[in-house]
Amino acid sequence: MPVSLERKRALFRSLHEDGCFVLPNPWDIGSARMFAAMGFKALASTSSGYAWSRGRADNSMTCDDILAHLTELCAATDLPVNADFEAGFSDTAEGVATNVRRCIGTGVAGLSIEDATGDARQPLYDFHEAVERIAAARNAIDASGADVMLIGRCEGFLTGETDLSKVIRRLVAYSEAGAECLYAPGVIRRDAVAEVVRAVAPKPVNILMGAPGLSVAELAALGVRRISVGGAMARVAWGAVERSAREILEQGAFDSFGQAAKYADLNHLFDMK
């Protein structure tokens with residue numbers, strides 16, 4: 001029997017109360033079902049992974065594209081899904097609120113709003129404007145009555161910021177504006193992770209692991225509640241396909257096929273009878 005949406009959302013919230021869990025980031029229905037079958041407790045979408053699967057660059061998909069994708073992911077699995085909702089697909093707080101309401105309707109258990117503008121001349125929204133956008137998302141969720149978690153993201157380290165105190169200032173402000181989990185992609189040093197965790201405690205912190213580094217156990221010991229991987233697993237998949245194709249083109253060999261997933265295993269995984 002399918003898990004109810006209310007149950008998914010309650011389960012997702014409970015995962016943030018103690019311990020540490022990993023959110024793999026599927027980019028389509030197949031990867032979502034594979035991760036669910038492997039035993040992960042929740043999933044998160046990836047804007048980059050999905051865009052690449054559609055032959056597009058990251059941050060080039062429309063709000064309607066993302067909403068349709070989230071609807072598919074949420075319907076594909078009994079696990080709760082956290083939405084990478086980019087910057088809310090609007091430059092105004094009012095527009096963010098409108099789109100957050102639409103995102104809630106896809107069946108997500110959580111959603112993140114980031115502060116990147118996409119404009120290299122001003123890579124982050126003004127501090128006060130960014131806080132207003134988080135507050136608008138918070139108000140939209142509250143008005144909906146849905147138990148959807150709000151994650152506040154500071155993209156400072158991904159846009160050239162090197163001062164951790166400035167990133168933390170934003171995270172604290174987003175927390176005060178109603179974000180229930182805080183997230184700063186690019187925070188990967190042990191001391192920086194610990195400082196972020198202390199600054200926003202007792203609210204949970206999400207750490208992005210997009211390359212080799214600290215382990216799950218090490219991040220958990222620092223107080224991190226959840227770990228996501230963004231487009232990293234999609235990049236692993238693309239990398240394997242690219243290496244295999246180059247082997248064929250450049251060497252005329254098919255040795256890479258020896259590491260492929262087994263036909264029978266995939267067929268069994270996706271057999272919906």
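**Helix packing and cysteines in a predicted model**

Trainee: At what angle do helix H4 and helix H5 pack?

Mentor: Helix H4 (residues 63–76) and helix H5 (residues 93–104) pack at an angle of about 25°, with their axes 10 Å apart. Axes are lines fitted to C-alpha atoms, for helices over the stretch in contact, and angles run from 0 to 180 degrees between N-to-C directions. Helices are DSSP runs (H or I, at least four residues), numbered from the N terminus. This is a predicted model, in which local features need pLDDT of at least 70, side-chain atom pairs count only at pLDDT 80 or more, and totals for chains, interfaces and linings use all residues. Residues are numbered from 1 along each chain as its sequence is written, and side-chain values use heavy atoms, leaving out hydrogens and water.

Trainee: Which residues of H4 and H5 make the contact?

Mentor: Cys63, Asp64, Leu67 and Leu70 of H4 meet Asn99, Arg102 and Cys103 of H5; contact means heavy atoms within 4.5 Å.

Trainee: Changing topic, how many disulfides does the structure hold?

Mentor: The structure holds zero disulfides, a disulfide being a pair of cysteine sulfur atoms within 2.5 Å. For cysteine 20, the nearest cysteine sulfur is that of cysteine 181, 11 Å away.

Trainee: Is cysteine 103 buried or exposed?

Mentor: Cysteine 103 is buried, with a relative accessible area of 0%, while cysteine 20 is partly exposed at 26%. Buried means under 20% relative accessible area, exposed over 50%, and partly exposed in between (1.4 Å probe, protein chains only).

Terms used:
Helix = DSSP H or I, 4+ residues; strand = E, 2+ residues; numbered from the N terminus.
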